[in-house]
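Biologist: Can you walk me through this model? I'd like to go over pockets, salt bridges and the surface.

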Amino acid sequence: MKIAIVILNWNGKKLLEKFIPSILKFSNINNVEIIIADNASTDDSIKFIQENYPIIRIVRNKTNGGFAKGYNDALQNINADIYGLVNSDIEVTEGWLSPIISTFKNDPKTAIIQPKILDYKNKSKFEYAGAAGGFIDKYGYPYCRGRIFSDLETDYKQYDDVIDIFWASGACFFIRSKVFHELHGFDEDYFAHQEEIDLCWRAKNLQKTIKYVGSSTVYHVGGATLKEESPRKTFLNFRNSLFTLVKNMPKNNLFLIIFSRLLLDGIAGVKFLVELRPKHTVAIIKAHFSFYSYLTKMIRKRTGFQKNNYYTIKSIVWKYYIERKKTFKDL
């Protein structure tokens, strides 16, 4: 089983300097290749890799197409059984690959795997992007074991298990290459953010299994390429979440769910105003107009394989804000 650890880079020399050493140190096993997929960087990050780590292969993309197109372009040129898509701000740990490889080998039905993702800045806490495996509610809001909205749990090894999940984090994401290409990769209209949820939902619609493997641990900085407080990030998250619903939601309640989400997004916009963050309110408005402009295109992307059993909780918003449930076990 050949594994390609593919790190997408765009002007990320400082991140590569900091995090490449742990990946090389703890990924030095048979049939594992480390690859930098460069999104047309204009800094000297590629020169740094060539001079200091000639063992690392570099795949150069012609343009910066974001996370989605960047990986799609690069993976066309990489031959492996498993793609490990690893953010450039990830620190890996000793033995991180062994449980993942074993799970793929022992369970042929497993298509996608996510390890435990902890916060690099506070290593006792789960990290926002993925934590201990992702789920969504009826309205398409994502949440994780170990993270409900912005509330992060402390890691007491309560999630050191192997379970089926709904979506795996793009921060550290393993997928069988044949599945990635069967799904035609990430949706490039997303540019960045939530494209992994869309891909996982499409995989679920085709009866693929997605797992969280808690015996593999990585640490994620988070927000290294686009800060949490960035209105651009707000725009992409709100717009792309609506894209995902249109593409993957069963048609019997699609209109009602989309209408409900638009109303809930409006409430979120008011909340940003109250918090004196009007740029984020504007970002939501722009996200909705962008969504409307893409709506016909997204409807055409529906495959006809949408399933109804995609959620276990009706409303994470209600659970969190009204019932005050802050941890996964309380849901």
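Modeller: We'll take the salt bridges, then the spaces inside, then a surface patch.
This is a predicted model, where local features need pLDDT of at least 70, side-chain atom pairs count only at pLDDT 80 or more, and totals for chains, interfaces and linings use all residues. Residues are numbered from 1 along each chain as its sequence is written, and side-chain values use heavy atoms, with hydrogens and water left out.

Biologist: How many salt bridges does the structure hold?

Modeller: The count is 21. A salt bridge here is a side-chain nitrogen of Lys or Arg within 4 Å of a carboxyl oxygen of Asp or Glu.

Biologist: Which residue does Lys 211 pair with?

Modeller: Asp 107, at 3.9 Å from N to O. Lys 211 sits in strand β14 (residues 209-220) and Asp 107 in the loop between α4 (97-106) and β6 (110-119), so the bridge ties together parts 104 residues apart in sequence. Helices (H or I, at least four residues) and strands (E, at least two) are DSSP runs, numbered from the N terminus.

Biologist: Is Lys 211 buried or exposed?

Modeller: Buried, at 13% relative accessibility. Asp 107 is partly exposed at 23%. The cut-offs: buried is under 20% relative accessible area, exposed over 50%, partly exposed in between (1.4 Å probe, protein chains only).

Biologist: New topic. What lines the largest cavity?

Modeller: Ile 136, Gly 140, Gln 194, Ile 197, Trp 201, Ser 241, Thr 244 and Leu 245. The volume is about 40 Å³, taken as the space filled by probe spheres set on grid points joined across faces, edges and corners. On a 1 Å grid over the protein atoms alone, a cavity is a set of points where a 1.4 Å probe fits but cannot get out; a pocket is an open set with protein on both sides within 12 Å along at least five of seven lines; lining residues have an atom within 4 Å of a point.

Biologist: Which helix gives the largest share of that cavity lining?

Modeller: α7, with three residues.

Biologist: And the second largest pocket, what is its volume?

Modeller: About 310 Å³. It has 16 lining residues, with Ile 165, Phe 166, Lys 204, Asn 309 and Tyr 310 nearest its centre. Helix α6 supplies the largest share of this lining, three residues.

Biologist: Last one. Which residues make the nonpolar surface patch?

Modeller: Phe 255, Phe 259 and Leu 263, covering about 370 Å². Phe 255 belongs to helix α8 (residues 254-274) and is exposed, at 68% relative accessible area. Patch residues have over 30% relative accessible area and no salt bridge; like charges are joined within 9 Å, nonpolar side chains (Val, Leu, Ile, Met, Phe, Trp, Tyr) within 5 Å. Areas use the Shrake-Rupley method with a 1.4 Å probe; for residues, only the protein chains shown count as cover.
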